[in-house]
Amino acid sequence: GVLSVGDQFSYYFGVSGSYIFNKHNDLQFFYQSKQLGNVMNTLQQNPFSIRYRHKKWVATAGQVAAPFGFQVYGQGFSLAYLDSDKSEFSVTGILHRKNDFFQSDNFTARGRYQFKSLVVSHEGIVNIDHMRQVNSYLLNNEVGIINTKKVNFSLLAGVGMEEFSVPAPVKGLTFGYGGGYNFFLKAKSLEAASTFQYYSPDMPGFYKGYLNHNHSINWKKENRTVGIFYSSSFIQQNIYRDSLFNSDILSYNIDHYGINTGWSNKGLSVNAGIGMMNGGSSFSNLSNFLSGNLNVNWAKGDKSLSLILRNGFGKDPVTNTNQYVSINSLSLNTRFLMLSANYNRFPDGTESKGNGTESINGLVGTNFAFIDRRLFCNINYNVFKTLQSAEVRHGFGGSLSYKTRTGGFLISLTGNLPVTGVDGELIPLDRQRNVTLNI
C-alpha cells in the first residue's frame with residue numbers, strides 16, 4: 001500500500017500464508033513492513049510471526065501473545081504442548097524493541113493439568129521493566145475443585161515480588177500477595193453466584209491493589225426472576241478505562257447493593273433493579289446514592305431493541321450539592337432503520353454550575369438492499385454534544401457495498417462528511433471528510 005499526507009509520501013508491504021504438510025503438521029507465517037519513505041518513523045516496527053505445529057507441539061517466533069498484567073510489546077518465542085482441553089504447558093519469552101515506549105522484557109511459563117478430580121493451573125512471570133527500573137516476579141495458581149452442571153467452585157492464590165533499583169517509590173524488595181475464589185450453584189429454582197479477588201498494594205502488575213467481589217442470589221419461577229445482589233470493585237491503577245465517555249464510571253471504585261427482578265419470554269426480556277451506591281472516584285464522592293437500573297432487550301426476525309438505563313442520585317458530602325450519575329444507551333435496528341443514542345453524566349466534584357460532565361451522542365440511519373440482497377446501501381446522520389460547549393457537532397456518513405452471488409468478490413465504499421467540528425478538540429466525531437474504497 002501507499003500513503004500520501006501533505007508533502008509526505010510513504011509505502012509499506014507485507015505477506016502472509018500457510019502450508020499444511022499433513023493432518024499433524026502445518027506452518028503459518030506473516031510479515032508486514034513499517035511505513036517507508038520520507039516520513040519520520042521511529043515507533044513503527046516490522047512485525048512478523050512464524051508458527052509451526054507438529055502433533056501436540058506448537059512453536060511460534062516473532063510476534064507472540066503477551067501475558068495479561070504487564071505492558072509488553074516486542075518480538076519473542078513461544079513453545080506450547082497441548083494435550084487436551086484440561087492439559088497444556090507453554091513457555092514464552094518477549095524482548096522489547098529498542099525504540100518502543102514500553103521497555104519491558106517478559107518471560108512466562110504456564111501449566112494446566114488434571115490431578116484426579118482437580119483442574120490445576122500455574123503461571124510464573126518474570127517482567128523486567130527497563131524504563132521504570134523495576135523487576136517483577138509473579139506466581140499465580142488456580143485450582144478447580146468442583147466443575148459440574150450444577151456446582152462450580154475454584155480457588156485462586158498468588159504471590160509476587162518487585163525489585164526496585166531506584167529510590168522511588170522504595171529501593172529494594174517489596175512483596176505482595178493475592179487470591180480469591182469463584183463459586184456458582186444452580187438448583188431447580190435457585191441460582192447463587194459468588195466471586196472474590198484481592199491483591200495487595202505491593203502485588204506486581206495491573207492487579208496491584210485490586211479488590212473485587214460480586215455476590216447474588218436469584219429465585220426463578222417459570223419466566224420470572226427475583227433476587228438480591230452486592231458488588232464491590234476498587235482499583236489502584238487506572239488502566240484500560242473509558243476516559244472519553246466515562247461509560248464505565250459505575251463499574252469501578254464503588255459499592256453497589258440492592259434487589260432486582262426480571263421477566264422474559266421467547267423474544268423479550270426485562271430486568272429492573274433498585275439499590276444503594278457508595279464509594280469514591282477521581283471525580284466525586286458517592287455516599288448513599290439511590291440507584292436504579294433497567295435493561296430491556298427485544299428481538300424478532302431482523303428487528304431488535306436494546307435499552308440500558310443505569311442511574312444514581314444523592315448528595316455529594318464534600319460539596320454538599322445534589323448530584324446524579326447516569327449511563328444510558330438505546331439501540332434499535334430493523335431491516336431499513338437503525339437508531340442509537342447514548343447519554344452519560346458524572347459529577348465533577350465541584351460546586352460549579354452544572355456540577356458534572358455530560359455528553360450526548362446519537363445516530364440515525366437507514367439500510368437498503370437490492371439485487372437479491374447483494375447490493376447494500378447505508379446512510380446515517382450522527383450528532384454529539386457536551387454540557388460544557390454550546391455547539392452541536394454533527395455530520396453524515398454512509399456506505400455502499402456489492403458482493404457476488406457466491407461471495408467471491410466484494411467491493412465497498414464508505415465515507416464521512418462532518419457538518420461542524422472544532423480543530424484541536426478531542427471529540428468522537430471525525431472532523432475530516434474521508435472516503436474509503438475496499439475491493
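Residues are numbered from 1 along each chain as its sequence is written, and side-chain values use heavy atoms, with hydrogens and water left out. In this predicted model, local features need pLDDT of at least 70, side-chain atom pairs count only at pLDDT 80 or more, and totals for chains, interfaces and linings use all residues.

**View 1. An open sheet of three strands has the order β1-β2-β5.** Its pairing is antiparallel. Strands here are DSSP runs of E with at least two residues, numbered from the N terminus. Two strands pair if DSSP finds at least two bridges between them. The edge strands are β1 (2-5) and β5 (36-37), and each pairs on one side only. β1 and β2 (residues 8-11) are joined by four bridges. Within this pair, V5 stands opposite Q8 in β2. Strands of a sheet pair through backbone hydrogen bonds, either parallel or antiparallel.

**View 2. Strand β4 pairs with β3 and with β6.** β3 (residues 14-22) and β4 (residues 25-32) run antiparallel, joined by eight bridges. They form a hairpin with two residues between them. β4 also pairs with β6 (residues 48-54), again in the antiparallel sense, over seven bridges. Follow F29 in β4: G17 stands opposite F29, and F29 stands opposite I50 in β6.

**View 3. The largest nonpolar core has ten residues.** A nonpolar core is a set of buried Ala, Val, Leu, Ile, Met, Phe, Trp, Tyr and Cys residues joined through side-chain atoms within 4.5 Å. Buried means under 20% relative accessible area, exposed over 50%, and partly exposed in between (1.4 Å probe, protein chains only). The members are V64, F70, V72, I94, I125, L138, Y199, M203, Y210 and I235. Leaving aside neighbours within four places in sequence, V72 is in contact (heavy atoms within 4.5 Å) with A66, I94, S104, N106 and N127. A second, separate core has nine residues, including I249, L250, L286 and F346.

**View 4. D255 is buried yet has no salt bridge.** A salt bridge is a side-chain nitrogen of Lys or Arg within 4 Å of a carboxyl oxygen of Asp or Glu. D255 lies in strand β18 (residues 254-264). The nearest side chain of opposite charge, R310, is 12 Å away. Lys and Arg count as positive, Asp and Glu as negative; His and the chain ends are not counted. The D255 side chain makes a polar contact with the side chain of Y230 (3.5 Å). A polar contact is a pair of N or O atoms within 3.5 Å; within protein, one must be able to donate a hydrogen and the other to accept it, and residues adjacent in sequence count only if both atoms are side-chain atoms. Not counting residues up to four places away in sequence, D255 touches Y230, S231, S232, F234, M276, M277 and N278.
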